[in-house]
Amino acid sequence: MKLWELGLAIGGAICLLLGTAWIRRSELPRKDFVLDAGSCRVPATEYEPPANVSPAGSAIVLHGLSANRRVMTYLSEDFAGHGLRTYALDSPGHGDNREPFTFPRAQLCATAAVEALIRNGKIDPRTTVFVGHSMGAAIAIRMADSEPVLATLAISPAPMKLPSRMPANLLVFTAQFDIPPLAKEAKDLEAAAGGDRLAPEDFAQLRAFELERIPFATHTSLLLDRRVAHRSELWAMRALFPNVATETLALNVDLATYETFNFGRRRLAGALLGLIGLLMIFPLAASAVVQVFRIFRTVGNQADSARASELLNDPQIDSSDRVPGRVLILFEEIICALIGMLMLTLFVPLRVLHLYSGDYLASLLLVYGALLLILNRVNASAAFSLDLATKLAAAILGIGAILAVGGWLNWQLTDGWMNAPRWLRFCALLPVLWIFAYAEEVVLGPVDSGRRRATRFAFAMAMRLELWLVCAFAYYELVSGQVLILLLVTALAVFSILQRLGTDALRRRTGSAPAAALFGAILGAWLIASVFPLT
């Protein structure tokens, strides 16, 4: 345990406390409940406007593929903070909804939920706006045929068959770095609407339309983009009050009660600050757990025994000292990934997991990892040990990490806390992801320091990029249908960086490639089990 780890952990604890305080100060009244809507049971969250503010209308918020209603918290609270009672819904197979996911089922349940809210007197279609992202945006647009409402806000809508009539007062957002099919869908909607219509009479006659192109944005970053939130709220106000000057409405949005008195925009900052705090605490936690298990460390072979006394102090320790050339490894990896891609065109071995796109990704990682281990079997054998203590340390640290981070994410940012069906899939994914993670550890070799460590990290990121590019090639050239892996590129990139940093920290402290692989596998299995929709 080092002084810098203690200082970093103290800073992390301060960030965690400050983030919690910001969140608590800015929270709005909210209620989680399950909406019984015919054959659908839809988990939902209701966000109330600030105290003493009469709702001007309602908003129905629909998330995208592989997301959940908690991902939409920033937009939901922002709409509620500006005077709209807001309902965020979980689609089948997402978040707390355990029903199997299909696209038709998602639209059916969203429609049924809206109808139930109307029947129960919770919303009035004449003062209700739909807000959707990706798949949710496509559902919101298509519901125009059955559930006409005052306005629809479509954020990077997914490809769809257009409804027979365009939604009333439709605002469409597209990101500068959206993938081509989504950018094309936005242009198709613009063509179908006949271009922008922004006059007050267009809002009064329910025919307003605008396509907003957000520069320097991606498909997922739109959800946290202040420009999107502000323009969406202004659009909703123009639809609710078409006879009020736009300048007056814009001023009202800027000076809304939620912003002035409740510091609403600090909630997102607090959520991110708390997450950063948890990450800052990790190095100290890793050292503490390894030190505890160092006392009970059993030695699998003579070489491990000779290094046991240097468990925490020697940055060079590792049971593998023969690493093939980087160029050869990159060539091997691309071959293994391409073979896996071709195999998956014939069958997906892990389809039994019933995870939309998650079973495909796990199958690719299994084939890729197994082939890579076969090609590097000498190094894999040299790196392997039966040291139980380091593996227990890795397991406890990994489970602790996913519980801490998952719990925080579940509170504020996304659904990271797994329910029972997802825990079962996590257990099934764990050995698969260990094969992949161990293959990575074998070819990467020991964790060094300084420039060599930075080079090793960059090489690890290049390996992950190769895998993603193979998935992109499969989607565009082989029509694999796995668009979700492309849409999650930002999340996968961030996860890969954090996972590699954590895995390297543990390997440096234990000198064990199998233990580091177990830690990485726990994180990877959690990501796939918690993010990809149940089918």
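A residue is called buried when its relative accessible area is under 20%, exposed when over 50%, and partly exposed in between, with a 1.4 Å probe and protein chains only. By this definition Tyr368 is buried, at a relative accessible area of 1%. The model is predicted: local features need pLDDT of at least 70 and side-chain atom pairs count only at pLDDT 80 or more, whereas totals for chains, interfaces and linings use all residues. Residues are numbered from 1 along each chain as its sequence is written, and side-chain values use heavy atoms, with hydrogens and water left out.

The protein has 535 residues, of which 56% count as buried. It contains 20 helices and 8 strands; these are DSSP runs numbered from the N terminus, with helices (H or I) of at least four residues and strands (E) of at least two. Along the principal axes, the C-alpha atoms fill a box of roughly 80 × 50 × 40 Å. Of the contacts between residues at least 6 apart in sequence, 73% join residues at least 24 apart, where contact means heavy atoms within 4.5 Å.

Helix 1 covers residues 3–26, and its 24 residues reach 35 Å from the first C-alpha to the last, close to the 34 Å expected at 1.5 Å a residue. The expected span is 1.5 Å times one less than the number of residues in the helix. Buried residues of helix 1 include Ala9, Gly12, Cys15, Gly19 and Ile23. In an α-helix there are 3.6 residues a turn, so residues three or four places apart point the same way. Helix 2 (residues 73–81) is mostly covered, with 9 of its 9 residues buried; among them are Tyr74, Leu75, Glu77, Asp78 and Phe79. Just after helix 2, Gly83 takes a positive phi of about 100°.

Leu84 lies in strand 4 and is buried, with a relative accessible area of 2%. Apart from neighbours within four places in sequence, Leu84 is in contact with Tyr47, Pro49, Ala56, Gly57, Ser58, Ala59, Phe79, Val129, Ala236 and Leu240. Leu84 and Val129 are 45 residues apart along the chain, and their C-alpha atoms are separated by 9.2 Å. Ala217 is placed in the loop between strand 8 (209–214) and helix 7 (226–240). Ala217 is buried, at 0% relative accessibility. Not counting residues up to four places away in sequence, Ala217 touches Ala175, Gln176, Phe177, Leu222, Asp225 and Arg227.

The structure holds 11 aromatic pairs. Rings of Phe, Tyr and Trp (its six-membered ring) pair if their centres lie within 6.5 Å; planes under 30 degrees apart count as stacked, over 60 as edge-to-face and the rest as tilted. Phe101 and Tyr356 form an edge-to-face pair, with ring centres 5.6 Å apart and planes at 80°. Phe101 belongs to the loop between strand 4 (84–89) and helix 3 (103–119), and Tyr356 to the loop between helix 12 (326–346) and helix 13 (358–375), so this pair ties together parts that are 255 residues apart in sequence. Phe101 is buried at a relative accessible area of 4%, whereas Tyr356 is partly exposed at 22%. The rings of Tyr368 and Phe436 make a tilted pair, their centres 5.8 Å apart and their planes at 45°. This pair links distant parts of the chain, Tyr368 in helix 13 and Phe436 in helix 16, 68 residues apart. Phe436 also counts as buried, at 5% relative accessibility. Ring pairs link Phe101, Phe103 and Tyr356 into a cluster.

Helix 16 (residues 420–444) has 25 residues, which should span 36 Å at 1.5 Å a residue; its end C-alpha atoms are 35 Å apart, in agreement. A kink of about 35° lies at Leu429 in helix 16, shortly before the proline Pro431; the bend is the angle between axes fitted to the seven residues ending at a residue and the seven starting there. Just after helix 16, Gly445 takes a positive phi of about 80°.
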